[in-house]
Amino acid sequence: MTSVRRGGVLGRLAGDGAAGILSQAATAAASFAVQLVAAGTLSLSDYGVFALLLATLVGANALHVGFVCDGFTVFDRHDAGYRSSLVTGALLVMGLCVLGAVVLASTVSRQGPWLSAVYAVLVVCRLLAETVRRIFVARVDFGALLNNDLCCLAVTLLALAVVPALFGEPNPTVLFGVMCCGALATLLAGLVQLPREERGGLRPGVREFPDVAGFAVWRALQAGLRPLTLLAVRLLVASTISTAAVGVLELARLVVAPVQVLINGSGSLLLGRIAARERSGDERDPAVLGKACRVLVFATVVCGGVLVAAALVLSPRVLGKPLDPVLVLGWVSYQVAWAAGLPYVTELVARRASRRVFRIRFVDSLVGLGLASVVVSTGTAVVVLPSLLALGGVYTVYAARSAVLGQRVRRAEEIGRC
């Protein structure tokens with residue numbers, strides 16, 4: 001009987017893990033398809049503009065996830081006080097992100113008000129869609145999440161075939177319109193699948209807002225540091241060199257982007273599981289986190305190596321643009337550093353140590369931005385930028401692991417005194 005129960009638990013874990021990774025794969029495939037069309041049809045300058053705005057969307061999404069969506073997992077989202085406070089946080093973050101999106105779109109692009117309008121709608125739809133997705137993560141319902149994201153992929157691919165035919169040659173405005181279709185499909189499909197208790201009682205309030213904000217502010221800043229650091233590097237390159245140089249960076253990043261699917265899927269599963277154990281009071285063995293770290297790093301290296309080999313051969317034929325192998329390998333090293341630190345960072349987040357995580361990530365970002373500024377200002381080739389950004393990730397691995405082990409020692413001492 002025990003072996004049967006264990007088999008059932010392991011089966012559910014394997015199913016959740018597979019569904020979580022496949023869900024991330026579907027979401028990433030939808031984004032990757034649009035980016036691939038952009039890379040193959042836009043000029044390097046226009047692709048640089050597209051990349052800057054897409055990076056801003058990723059940064060806004062990260063802030064929203066950190067401030068609002070991770071609160072669904074850490075706090076009791078069915079409690080009226082917490083629920084209303086999370087709604088208030090969502091409205092605040094969404095308003096600020098839309099305002100920033102409109103300002104940036106009107107600044108970096110010459111395509112007029114249509115781009116700003118479509119981009120603002122995309123930001124709203126994407127943040128709402130991500131909110132629905134994260135509720136499925138909090139419910140540990142990765143099967144429904146997979147259905148949701150497969151719908152997004154199907155609608156995005158359909159729009160990618162139809163919208164350019166209706167509105168002419170692909171440009172940033174048309175491509176962001178395609179992404180709007182996918183985000184809206186994600187939102188609607190998620191609302192249909194969610195039970196009534198998850199959709200009701202969505203009224204703003206502030207009763208528990210100080211408690212939520214105490215976690216959410218630091219978590220949002222920590223979650224936003226990585227995408228916002230990358231955005232800052234892109235803006236630095238665009239202002240100092242050109243948007244075409246940003247396009248070169250993004251082409252290399254694009255070919256190794258599928259590696260992020262594995263990392264993000266593993267992160268979603270880890271946070272849901274670790275947070276559930278934290279609420280139940282179970283103690284985790286850091287050796288398990290170490291094993292997760294080694295597995296993630298190995299998978300990242302293998303997947304990255306395969307993608308690099310394939311991209312260097314196929315890119316000139318598919319995209320019509322060559323790739324620098326040093327630049328591509330630099331992005332792989334950046335992903336490896338991120339994967340190595342993910343299990344330890346997730347453990348700290350589940351223990352609500354978001355301020356500690358922010359401090360670690362802040363030093364990581366400062367190291368990367370400082371080195372990038374030196375490289376760009378001295379006229380050094382941009383091909384070394386991803387490798388330099390990875391150095392900050394090495395610090396995150398060391399500091400986050402030390403913090404997890406330190407917390408375990410303190411807990412053991414407290415239990416011993418009791």
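**Exercise 1.** Are helix 3 and helix 8 parallel or oblique to each other?

*Solution.* The model is predicted, with local features requiring pLDDT of at least 70 and side-chain atom pairs pLDDT 80 or more, while totals for chains, interfaces and linings use all residues. Residues are numbered from 1 along each chain, and side-chain values use heavy atoms, without hydrogens and water.

Step 1. Helix 3 (residues 80-108) and helix 8 (residues 209-240) pack at about 55 degrees, their axes 9 Å apart; axes are lines fitted to C-alpha atoms over the stretch in contact, with angles from 0 to 180 degrees between N-to-C directions. Helices are DSSP runs (H or I, at least four residues) numbered from the N terminus.

Step 2. Angles under 35 degrees count as roughly parallel, over 145 as roughly antiparallel, 65 to 115 as roughly perpendicular and the rest as oblique. Helix 3 and helix 8 are therefore oblique.

**Exercise 2.** Classify the orientation of helix 4 relative to helix 5.

*Solution.* Step 1. The axes of helix 4 (residues 113-138) and helix 5 (residues 142-167) come within 8 Å and cross at roughly 155 degrees.

Step 1. Helix 4 is therefore roughly antiparallel to helix 5.

Step 2. Arg 133, Phe 136 and Val 137 of helix 4 make the contact (heavy atoms within 4.5 Å) with residues of helix 5, including Phe 142 and Asp 149.

Methods: Helices (H or I, at least four residues) and strands (E, at least two) are DSSP runs, numbered from the N terminus.
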